[in-house]
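Reader: Can you walk me through this one? I'd like to go piece by piece.
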Amino acid sequence: LTIDYIKNLQKFRLSDGDTLYARKFKNFQSLQRECVILPKGALSFRKDTTNIFKIGLMNPYPYKINLDHPELPVQFQAAFLREGKLLAKGRINLPENVKELVPGDTIFVECSFLITGLDRGSYSFAITSETGCLFDVLSSKVTVATVTD
């Protein structure tokens with residue numbers, strides 16, 4: 001853990017001598033289920049260029065997902081993998097008016113991302129999400145995407 005990360009955590013000393021760092025959140029939210037629908041058919045993206053495509057965002061939870069949560073904001077990324085190894089990610093920019101998803105809601109939006117550092121070719125592709133300080137999870141099915149110049 002970095003110093004910047006630890007400064008926002010509370011330190012607990014365990015009976016066995018280990019140290020536990022924890023943080024209490026108001027209105028905790030975590031995205032662990034599939035919540036992004038990718039377009040059907042072949043996907044093709046251009047490297048070093050802003051790519052625009054349409055995705056579906058769904059809320060499979062019985063509570064509202066606040067994308068602009070003050071402590072745990074949701075950030076989606078376009079992830080390119082090969083042989084199970086993450087090679088590159090590009091932050092997905094959603095329309096400014098997309099702030100929350102109500103339970104059971106599905107909306108389709110145009111989004112954009114920039115991908116750099118990839119060679120031309122075929123990759124496994126998925127959308128991941130990060131919720132605040134929580135690690136990336138797969139938020140869509142994995143499909144195949146081609147990267148071109």
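Reader: Is K89 buried, partly exposed or exposed?
Author: K89 is partly exposed, at a relative accessible area of 35%. Buried means under 20%, exposed over 50%, and partly exposed in between, with a 1.4 Å probe and only the protein chains counted. This is a predicted model, where local features need pLDDT of at least 70, side-chain atom pairs count only at pLDDT 80 or more, and totals for chains, interfaces and linings use all residues. Residues are numbered from 1 along each chain as its sequence is written, and side-chain values use heavy atoms, with hydrogens and water left out.

Reader: Which side chain meets K89 in a salt bridge at 2.5 Å?
Author: That is D136, with the 2.5 Å taken N to O. A salt bridge here is a side-chain nitrogen of Lys or Arg within 4 Å of a carboxyl oxygen of Asp or Glu.

Reader: Where do D136 and K89 sit?
Author: D136 is in the loop between strand 11 and strand 12, while K89 is in strand 8, so the pair ties together parts 47 residues apart in sequence. Strands (E, at least two residues) and helices (H or I, at least four) are DSSP runs numbered from the N terminus. D136 has a relative accessible area of 31%, so it is partly exposed.

Reader: And what about E130 and K89?
Author: Their side chains also meet in a salt bridge, at 3.8 Å, N to O. This pair links distant parts of the chain: E130 belongs to strand 11 (residues 121–131) and K89 to strand 8 (residues 85–91), 41 residues apart. E130 counts as partly exposed because its relative accessibility is 27%.

Reader: How many salt bridges in the whole structure?
Author: Seven. One of them joins K141 and E34, 3.3 Å from N to O.

Reader: Change of topic. Where is D105?
Author: D105 lies in the loop between strand 9 (100–101) and strand 10 (106–114). It is partly exposed, with 25% relative accessible area.

Reader: What does D105 contact, beyond its neighbours within four places in sequence?
Author: L57, M58 and N59, where contact means heavy atoms within 4.5 Å. D105 and M58 are 47 residues apart in sequence, yet their C-alpha atoms are 5.5 Å apart.

Reader: Which residues make the nonpolar surface patch?
Author: F12, L14 and L20, covering about 240 Å². Patches take residues with over 30% relative accessible area and no salt bridge, joining like charges within 9 Å and nonpolar side chains (Val, Leu, Ile, Met, Phe, Trp, Tyr) within 5 Å. Areas come from the Shrake-Rupley method with a 1.4 Å probe, and for residues only the protein chains shown count as cover. F12 is in strand 1 (residues 10–13) and is partly exposed, at 36% relative accessibility.

Reader: Back out a bit. How many helices and strands are there?
Author: One helix and 13 strands.

Reader: How much of the protein is buried?
Author: Buried residues are 35% of the 149. The C-alpha atoms fill a box of roughly 55 × 35 × 25 Å along the principal axes.
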